Amino acid sequence: MAAKKIEEAPVPYHHGDLRAALIGATEVLLAERGIEGFTLREAARRAGVSAAAPMHHFGSAAGLLTEVAILGFEELTRCLREGTETGGTDPARRLRGQGMGYVRFALAYPARFQLMFRKDRLTPDARLEAAGDAAFAELEMAVRDYTGWGRKKPLNRATQATVLGAWSTVHGFAHLALDEKFGGHAGGAGTNDFVENMLPEILKQFWP
């Protein structure tokens, strides 16, 4: 009986790492129900705390979702860096490696990926903006190296177009993969296998 009482206690300071517990519960809930099915009350219930407890740490549902989005951009940056490293010193391979890293992240963390670009569900936050900028900077640097434009001078129109084109390509591909839209193109392969086999060929068309 005592153990049950502790589990149901609404006082956040007795829950251990409540912040991490609420973020974890939110990610599970997003994976199950999507963004539209998320509620602060259900996230609190799954974390084993009162419905008011998340307000103490995050202020609102949007505040909690923003924390998850920040983690998403931080993980995306790590995946982009890993992808870059697979290309060694070859600028084209490094850029293609980033493309693979981007889509692999989306498939590994679909709930985070969907949330990160839903500004209507997030709060304006300097940390969120910085995390997003850091991820975009990885792509921009890879494109600068690929085009030979250099790392310090402002982008010209052509290089900016290449950056945006690269982002659009992998972002769109990721959404199609998550929505299982490739259908017969994938044959009997699962989504992950199809991505691993087909995406490198697509990226080579743009950055040989």
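Among contacts in the chain between residues at least 6 apart in sequence, 66% join residues that are at least 24 apart. In this predicted model, the secondary structure of the chain amounts to ten helices and zero strands, which gives the pattern α-α-α-α-α-α-α-α-α-α when read along the sequence. The C-alpha atoms fill a box of roughly 65 × 45 × 30 Å, taken along the principal axes, and 40% of the 208 residues of the chain count as buried.

The largest pocket holds about 540 Å³ of space and is lined by 26 residues, of which Phe-73, Phe-117, Gly-132, Asp-133 and Trp-167 lie nearest its centre. Two or more residues of this lining are given by each of the elements α5 (61–86), α6 (91–108), α8 (126–147) and α9 (157–178), with α8 giving the most, at seven residues. When the lining of the largest pocket is sorted by class, 18 residues are nonpolar, four are polar and four are charged.

Within α10, a kink of about 30 degrees lies at Met-198, shortly before the proline Pro-200. The buried residues of α10 are Thr-191, Phe-194, Val-195, Leu-199 and Leu-203, and the elements that cover these buried residues include α6 and α9. Both α6 and α9 are also among the elements that give two or more residues to the lining of the largest pocket.

Terms used: Residues are numbered from 1 along each chain as its sequence is written. This is a predicted model: local features need pLDDT of at least 70, side-chain atom pairs count only at pLDDT 80 or more; totals for chains, interfaces and linings use all residues. Side-chain values use heavy atoms; hydrogens and water are left out. On a 1 Å grid over the protein atoms alone, a cavity is a set of points where a 1.4 Å probe fits but cannot get out, and a pocket is an open set with protein on both sides within 12 Å along at least five of seven lines; lining residues have an atom within 4 Å of a point. Grid points are joined across faces, edges and corners, and a volume is the space filled by probe spheres set on the points. Helices (H or I, at least four residues) and strands (E, at least two) are DSSP runs, numbered from the N terminus. Ala, Val, Leu, Ile, Met, Phe, Trp, Tyr, Cys and Pro count as nonpolar, Asp, Glu, Lys and Arg as charged, and the others, Gly among them, as polar. The bend at a residue is the angle between axes fitted to the seven residues ending there and the seven starting there. Buried means under 20% relative accessible area, exposed over 50%, partly exposed in between (1.4 Å probe, protein chains only). Contact means heavy atoms within 4.5 Å.
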